[in-house]
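Here are my notes on this one, in numbered points. Have the viewer open while you read.

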Amino acid sequence: MAKGSSGRVVSLFLPLWPTDRIRKRLGADAPTPDAPLALVGREGRRRIVLSVDLAARKAGVRPGTPVAKAQALYPDLIIMDADQEGDRTGLEKLALWFQQRIAPLVAVDAPDGLVLDTTGTDHLHGGEPAMLAEMVRRLREAGITAKAVVADTLGAAHALARYGRARTLVVPAGETAAAIADLPIEALRLPDSMIEGLRALGVATIASLAAMPRAPLALRFGLDVARRLDQAYGRLSEAILPVRPVDPVTVSRNFAEPIGAAETIARYIGKLVPPLCQGLEERGQGARRLDLVLHRVDSRTEAIRIATATPVRDARRLVRLLCEKIETIDPGFGIERMVLTATLAEPIAPRQKISSLIAEEEPDVSDLIDTLANRVGHHSLYRFAPVESDVPERSFCRVPALAPDDQKDWPEHWPRPTRLLARPEPVQAMAELPDQPPLFFIWRGVRRKVKCADGPERVFGEWWKNDAELTIARDYFLLEDTSGERFWVYRSGDGEHGETGSQGWFLHGIFG
């Protein structure tokens, strides 16, 4: 059972202005980039500016300005209605996507971000730096620019993601105060009127605000200043209300007296799983992912997640997988509520039991796969599947360990090495003629004399995917040296024309 562990929160900032989304949506009908554009909506009975583009900001238009005033002061301003509900829906869909792949607790941080509680889940993604880099990369591939920060508190992560300079940042545990000290007071999510009042007093940074006496601040500005400071520094907890998939199967349990012992948590897990499996059975489904959220008496939450390679409805198996992660839970002063949700469920097909009338049942290794994957991470457990490509390093891909077989196979007309190097390594070689195999080659400082060889097998570049590969060619040879070891070596190019490659030699694989 983890003791005294601190929570870790990731803030994802998506600094794509709504006006930019409008321009992308309108395509050719969008206003020119130098035309000032503002999106407007209602705040009570007033119509105000909600978002402006760079041209409008340079002209002096600011969010919060009444529309009538903005039109009077800036006649060239283009006014369009904001789709606040559509933006919110898009963020919720993105939150659900991250919930399925990163952590069970993901919330929308409107209007421009997401919040993830990644406590105890970062090791499944290679650690916090690798996790943040992967999140930003995935978003970039989807056309979304993002910044990601992980810190001890939501307030600190939110502030650094929006006002820090780094694209990704990991704030070490216990160093929150130093990380946010020099940030402007706008980073504390205070109202604009309060920011203006603090600026009038000469307060510019979070550190200078934190050094001021609390009583005068509360008397003049209310309790919000102290609350935001305490949330940023971790003295006051801030709940994360996660998004939920549509109509998941969920069971929960409230406790009259808080629980904290590992044995007690395991006992109640055993009581929650059977009714969950019953609900899945009524739908004809099996669980692929389970999230157990534990609500502590201090308003903080702990969460553990398990995933399965195939849909599972076996209560004993699910209980065992969940109980293996109890040691990652910090119960604090006690847990008052447990919620178990099948965040991902799929139809489960009936399976014929073994009998004397049918052939012997195929062995089921899914239980072993699930046990290993939940210990080392699902990204670390995989198998290779063939891909239709003549280029060797592109002829395979990683797939889940129990992914269905698509009946594809590697070509058999030329042998392939049992071990393919991650990157071809350059070697020194000498051949008599361009279409002849090397007489010897030097790899990693060892000279190897070729006893026999087979080839060449010419492999051309995939010109239909990349114009740069239009003339590229490789000549592969299977070489056996005098000690009986066999290697897969190729020449980059056809040996005659410079545009086909560098004409250098490379070792790409080793035969068993």
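Which residue in S11 stands opposite Arg-289? Ala-307 does, and point 4 puts that pair in context.

1. Ground rules. This is a predicted model, where local features need pLDDT of at least 70 and side-chain atom pairs count only at pLDDT 80 or more, while totals for chains, interfaces and linings use all residues. Residues are numbered from 1 along each chain as its sequence is written, and side-chain values use heavy atoms, with hydrogens and water left out.

2. Overall build. The protein has 14 helices and 20 strands (DSSP runs numbered from the N terminus: helices are H or I with at least four residues, strands are E with at least two). Its radius of gyration is 30 Å, well over the 24 Å that the globule rule gives for 512 residues, so the protein is more spread out than a compact globule. That radius is taken over C-alpha atoms, and the rule is 2.2 Å times the number of residues to the power 0.38. Along the principal axes, the C-alpha trace spans about 90 × 70 × 45 Å.

3. Surface and contacts. Of the 512 residues, 42% are buried (under 20% relative accessible area; exposed is over 50%, partly exposed in between, with a 1.4 Å probe and protein chains only). The accessible surface is about 27800 Å², and carbon and sulfur atoms own 53% of it (Shrake-Rupley method, 1.4 Å probe; for residues, only the protein chains shown count as cover). Among contacts with a separation of 6 or more, 57% are between residues 24 or more positions apart (contact means heavy atoms within 4.5 Å).

4. Strand S10. Take a look at S10 (285-296): 10 of its 12 residues are buried, so the strand is largely enclosed by the rest of the structure. S10 pairs antiparallel with S12 over 10 bridges and with S11, also antiparallel, over 8 bridges (strands pair if DSSP finds at least two bridges between them). Arg-289 has Leu-344 as its bridge partner in S12 and stands opposite Ala-307 in S11.

5. The S10-S11 turn. These two strands form a hairpin with 4 residues between them. Ser-299 lies in that loop, and its phi is near 75°, a positive value in a residue other than glycine. For background, most residues other than glycine have a negative phi, and most peptide bonds are trans.

6. Nonpolar cores. The largest one has 29 residues, and those with the most contacts inside it are Ile-265, Ile-269, Leu-290, Leu-292, Leu-322, Met-338 and Leu-340 (a core is a set of buried Ala, Val, Leu, Ile, Met, Phe, Trp, Tyr and Cys residues joined through side-chain atoms within 4.5 Å). Elements giving two or more residues to this core include S9 (249-259), S10, S11 (301-312), H13 (315-323) and S12 (335-347). H12 supplies the largest share, 8 residues. Apart from this core lies another, of 27 residues, among them Phe-13, Ala-157, Leu-188 and Met-194.

7. The five-stranded sheet. An open sheet runs in the order S5-S6-S1-S7-S8, with mixed pairing. S5 (105-109) and S8 (168-170) are its edge strands, each pairing on one side only. The twist averages 15° from one strand to the next (axes are lines fitted to C-alpha atoms, for helices over the stretch in contact; angles run from 0 to 180 degrees between N-to-C directions). S1 (9-13) and S6 (113-117) pair antiparallel over 5 bridges, with Val-9 opposite Asp-117. Helix H4 (84-101) lies across S1, S5 and S6, running at about 160° to S5.

8. The three-stranded sheet. This open sheet has the order S3-S2-S4, again with mixed pairing; S3 (46-52) and S4 (78-81) are the edge strands. Neighbouring strands are turned by 45° against each other on average, direction ignored. S2 (37-43) pairs antiparallel with S3 over 6 bridges, and Leu-39 stands opposite Ser-51.

9. Backbone spots to check by eye. Gly-455 and Pro-456 are joined by a cis peptide bond, with omega about 5°; Pro-456 is in strand S17 (446-460). Gln-503, not a glycine, has a positive phi of about 70°. Gln-503 sits in the loop between S19 (486-492) and S20 (505-510) and is partly exposed, with a relative accessible area of 24%.
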